[in-house]
Amino acid sequence: MENTFQLVRNIIPPLTSKKHKGQDGRIGIVGGCQEYTGAPYFAAISALKVGADLSHVFCTREAAPVIKSYSPELIVHPVLDSPGAIHEVEKWLPRLHALVVGPGLGRDDVLLENVKGILEASKARGVPVIIDADGLWLIAQQPTLIQGYRKAVLTPNHVEFIRLSEAVLRDPVDSNDRRGAVLRLSQALGNVTVVHKGEQDVISDGEQVLECSQQGSNRRCGGQGDLLSGSLGVLVHWALLTGPEKTNGFSPLLVAAFGACSLTRQCSHQAFQKHGRSTTTTDMIAEVGPAFNRLFET
C-alpha cells in the first residue's frame, strides 16, 4: 500500500507563491434541498480543506441561506430548483475543474431532471464528475447517463452498490467476491471508476483493482461519504492535471480515489481517538489538515 501512497504524493501540487487563485482547484457541488443542507456543506468545505481554492454549491433556493450560514468560505448558488437550472449551472462549467453530484440532492423529480441535464452538459465539456448519494440513485434508474464516461467516479456504499449492480448487471451481487463485483460493475459501465465503500474500500476502473485498508474507526455517523466525495473532487483534478506519467501506469482517477479513501479513513481514525463514540463528521473535517499532512506530506 505504501507504493500507492507515493503515487498519491506524486499528484499533489506544490504550494508556491507563483500561483493565482483558482489554479489548485475550483470545485462544484450539486445538491442541497430543504431537508438536506449538511451534506453539500461537508463536501464543499472538505474540498477547500484538502486544498481547492474555491468551492461552489448549486442548491435549491430554500437550502441556500442555510448553507451560506454554515460558512463564509463557500460560494452558494440558489438555482437547482429554478426553471433555468441547467443553464445556470452550465455557464459555470468552464470555470470548474470537477463536479460532485448528489450530496443532499434528495429525490424530487424536478431536481433529478435538472441533474440529468447538468450531467449531460458536464460530459459534453469533459468535466470530471464524482457521483454519490442520491446521484447514485439516479444513475441506478438510468445508467446510460454515465455509460462509458471515463471521467466519472461513482462512490456507492453497501446498499447503493447492490442497487447499482443489480440495475446494471441484472444479477445478484456476489458478496464473497467484492473485488470481482466492483471490477464487473466498472466494466459493465464502460470503465467508469467505482469506489465501493466498506470495511475495506475497493476501487476499480474495470482494468485494475485497488483496496484501501487504511485504519479508520467504528463510527458510522452520516456525512463521512460527503467528506470523501468533496476531497475526491480535488484529487481527481490534481491527478488529471499531472497525468498517467506520475501515476506509474495506474489510471489517475484510481490513484485519486485511493487518496481520498485513505484521507477519509485517517480523518475518522484521528477524530475517534479524541472523541470516541461522540465523534461526528464535523470532528473529522477538523482533522483533514493534520491527516493530509501525516499521510502525504511527511
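Predicted model: local features only at pLDDT ≥ 70, side-chain atom pairs only at ≥ 80, totals over all residues.

Me: Are phenylalanine 5 and phenylalanine 296 buried or exposed?
Reply: Both phenylalanine 5 and phenylalanine 296 are buried. Buried means under 20% relative accessible area, exposed over 50%, and partly exposed in between, with a 1.4 Å probe and protein chains only.

Me: How many aromatic pairs does the structure hold?
Reply: There are 6 aromatic pairs. Rings of Phe, Tyr and Trp (its six-membered ring) pair if their centres lie within 6.5 Å; planes under 30 degrees apart are stacked, over 60 edge-to-face, the rest tilted.

Me: What kind of pair do phenylalanine 5 and phenylalanine 296 form?
Reply: Phenylalanine 5 and phenylalanine 296 form a tilted pair, 6.2 Å centre to centre, with 50 degrees between the planes.

Me: Which parts does that pair tie together?
Reply: Phenylalanine 5 is in helix α1 (residues 2-11) and phenylalanine 296 in helix α12 (residues 288-296), so the pair joins parts 291 residues apart in sequence. Helices (H or I, at least four residues) and strands (E, at least two) are DSSP runs, numbered from the N terminus.

Me: Which residues do ring pairs link into a cluster?
Reply: The cluster takes in Phe5, Trp238, Phe258, Phe292 and Phe296.

Me: OK, the sheet. What order do the strands take?
Reply: The order is β3-β2-β1-β4-β5-β6-β7-β8-β9. These 9 strands form an open sheet with mixed pairing. Two strands pair if DSSP finds at least two bridges between them.

Me: Which strands stand at the edges?
Reply: β3 (75-78) and β9 (209-212) do. Each has a single partner strand, so one side of each has no neighbour in the sheet.

Me: How do β1 and β4 pair, parallel or antiparallel?
Reply: β1 (residues 26-30) and β4 (residues 98-101) run parallel, over 4 bridges. Valine 30 faces valine 101 in β4.

Me: And β7, which of its residues are buried?
Reply: β7 (residues 193-196) is covered on both faces. Thr193 and Val195 are buried on one side, Val194 and His196 on the other.

Me: What joins β7 to β8?
Reply: A hairpin does, through 4 residues. β7 and β8 (residues 201-204) pair antiparallel over 3 bridges. Valine 195 stands opposite isoleucine 203 in β8. With β6 (residues 152-154), β7 pairs in the parallel sense over 2 bridges.

Me: New topic. Why is helix α6 described as largely enclosed?
Reply: Helix α6 (residues 134-141) is largely enclosed by the rest of the structure because 6 of its 8 residues are buried. They are Asp134, Gly135, Leu136, Leu138, Ile139 and Ala140.

Me: What do the buried residues of α6 pack against?
Reply: Their neighbours are β4, α5 (109-125), β5 (129-131), β6 and α7 (158-169). Contact means heavy atoms within 4.5 Å.

Me: Last one. At what angle do α9 and α10 pack?
Reply: Helix α9 (residues 224-242) and helix α10 (residues 252-275) pack at about 145 degrees, with axes 8 Å apart. Axes are lines fitted to C-alpha atoms, for helices over the stretch in contact; angles run from 0 to 180 degrees between N-to-C directions. Contact residues include Leu228 and Leu232 of α9 and Ala256 and Ala260 of α10.

Notes: Residues numbered from 1 in each chain as written. Heavy atoms only, no water.
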